[in-house]
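Biologist: I am new to this structure and would like to be guided through it with some care. Could we begin with how far the model can be trusted, and then turn to its architecture and a few single residues?

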Amino acid sequence: MKLRLWQAECINLALTQYQSGNSHFLALATPGAGKTLMASELANQLLKNNMVDVIICFSPSSIVSQDFKESLQLKTNERFDGLIGAKGRALTYQSLQYLDVHFWQLFERYRVFVIFDEIHHCAGSNIANANAWGEQIILNIQNKAQYTLALTGTPWRSDAAPIVLSSYQQPNNKIACDYVYGLSEAIGDNVCRVPQIVAVDNSHITVVDDVETKTFNCFKALLNYSGVSYQEIIENEAVIKYIISSAQKKLISFRLKNPDAAGLIVASSVEHAHQISMLMRTHFDEDSTVVTYRENEPTSIIQQFRYAQTKWIISVGMISEGTNIPRLQVCCHLTNIKTEMHYRQILGRILRVTNSKNQEAIMYMPAEPKLLEYAYRVNQDVPFEADVVKFEKMKATAEEPTEDEGLSEMTFNKKNKKTSKAQFDFDNFADFFEQPAMSNRSEATEEHFLTDAYERIINISGRFQQEAIALGLSELR
């Protein structure tokens, strides 16, 4: 496969820096740009130039690790299964905490090239401020690897912790990248699609509790009411049905030109994912694939969906970053994780340009203030004038295949309950919609909690049978 211009430039610059005595290289490339191929070709050239002996790749999930393994094998014509005669292995970051002294001796005996995919998951400028993965990198890799290549599409952490193996510019404290290939450049080069982001809102919302009844004209105003959480919005059946109805219509239109086009729904929990799946089956007569950390073989489920004809996949923490499913063109953001890193990674799943006739990409989401901020920043990255962000008003009827009416009238009763569930009444939209202003309310506590939750999901290893700790690298000693 012929390299794209940015990939060739990045490889040449990395080789130049390595040959000049620099052992670490950090490349920022927007999600969907082709970081895996670039890293694999760089590894191939290092091997051909006899600059390294062994290649190890770490990534945040088993599906991405499998993709890297296949890409490295294809580019180098070598094995990466860790057995005798192999040139290395592709592993997950979860494995870092379980590698023993025999594995780390590889760095004493061989010239090792280490690839870190989505390096922002690994935090720490020193042991004191490092997370579990960053600590292992600082102790065992930072000063022992022959060369390292750190890759990221979102070069920041929501908890503001420093990213391992990175340096920061002063006084703005922005990460210093050796090579940058942003969304603007990728769209200009026809590497990534121009995204469309549809923010769904409602101008007639009623909240009923034991004391009074209040009305709100948008989700932003609703969320400023302390008794209603964003979780309740994304779990509301009317909201789910309306967003999926709009996304379903768009996907059907895409499939007229791209018969294998697919959609991704990112849910907030396993229960939420199955709630959405049930609604799709009962109200839209549409089957969907559900993949969460509770499945025994989530990687196999994703691999099967990648080449199947099924329209929809519903994910919880499994397809948020790095996962390559090129046929995805529609996305529904229904997760309670509201960090920009996570938002950008989800959007990146539908931006990869393919050979299909239609190259549209569209994300649907509730018009929540933080998500809108991220959407407008994406709009700023588009290299020409375009209305990336659009608003859509929930209607009383969504013209579903089931001809179900009254989607705006769903209610949740908070009366005489100790829970935070409030009673919603979504009424018809007015014909005129006024764009809500950005919220100045601090959400630091919420983001910190959600980031922790996301990290916990990513770190779950007990359910992943394919993440066996038998790494098979001892034969390389």
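Predicted model: local features only at pLDDT ≥ 70, side-chain atom pairs only at ≥ 80, totals over all residues.

Biologist: What is the mean pLDDT of the chain, and what percentage of its residues reach 70 or more?

Modeller: For the chain, the mean pLDDT is 83. The share of residues that reach 70 or more is 80%.

Biologist: How many helices and strands does the chain have, and what percentage of its residues are buried?

Modeller: The chain has 15 helices and 18 strands. Of the contacts between residues at least 6 apart in sequence, 75% join residues at least 24 apart. Of the 477 residues in the chain, the buried share is 57%.

Biologist: What is the order of the strands in the open sheet of 7 strands, and which are its edge strands?

Modeller: The pairing in this open sheet is parallel, and the order of its strands is β13-β14-β12-β15-β16-β9-β17. Each edge strand pairs on one side only, and these two are β13 (288–291) and β17 (389–393).

Biologist: By how many degrees are neighbouring strands of this sheet turned, and which helix packs on the sheet?

Modeller: On average, and with direction ignored, neighbouring strands of this sheet are turned by 20 degrees against each other. The helix that packs on the sheet touches β9, β15, β16 and β17, and its direction makes about 140 degrees with that of β17. This helix, which covers residues 369–381, is α14.

Biologist: Is N202 buried or exposed, and which backbone nitrogen does its side chain reach?

Modeller: N202 is found in the loop between β9 and β10. Because its relative accessible area is 0%, N202 counts as buried. The side chain of N202 reaches, at 2.8 Å, the backbone nitrogen of H204.

Biologist: Which residues is I127 in contact with, leaving aside neighbours within four places in sequence?

Modeller: I127 lies in the loop between β4 and α6, and its relative accessible area of 39% makes it partly exposed. Although I127 and I138 are 11 residues apart in sequence, their C-alpha atoms are 7.2 Å apart in space. With those neighbours left aside, the contacts of I127 are E135, I138 and L139.

Biologist: L165 is not a glycine and has a positive phi; is L165 buried or exposed?

Modeller: The phi of L165 is about 65 degrees, and the residue is found in the loop between β5 and β6. Its relative accessibility is 17%, and the cut-off for burial is under 20%, so L165 counts as buried.

Biologist: Is D285 buried or exposed?

Modeller: D285, in the loop between α11 and β13, is a residue other than glycine whose phi is positive, near 50 degrees. Since its relative accessibility is 69%, D285 counts as exposed.

Note on methods
Residues numbered from 1 in each chain as written. Heavy atoms only, no water. pLDDT = per-residue confidence, 0-100. Pairing = 2+ DSSP bridges. Helix = DSSP H or I, 4+ residues; strand = E, 2+ residues; numbered from the N terminus. Axes fitted to C-alpha atoms, helices over the stretch in contact; angles between N-to-C directions. Contact = heavy atoms within 4.5 Å. Buried < 20%, exposed > 50% of the residue type's maximum accessible area, 1.4 Å probe, protein only. Polar contact = N/O pair within 3.5 Å; in protein donor to acceptor, adjacent residues only side chain to side chain.
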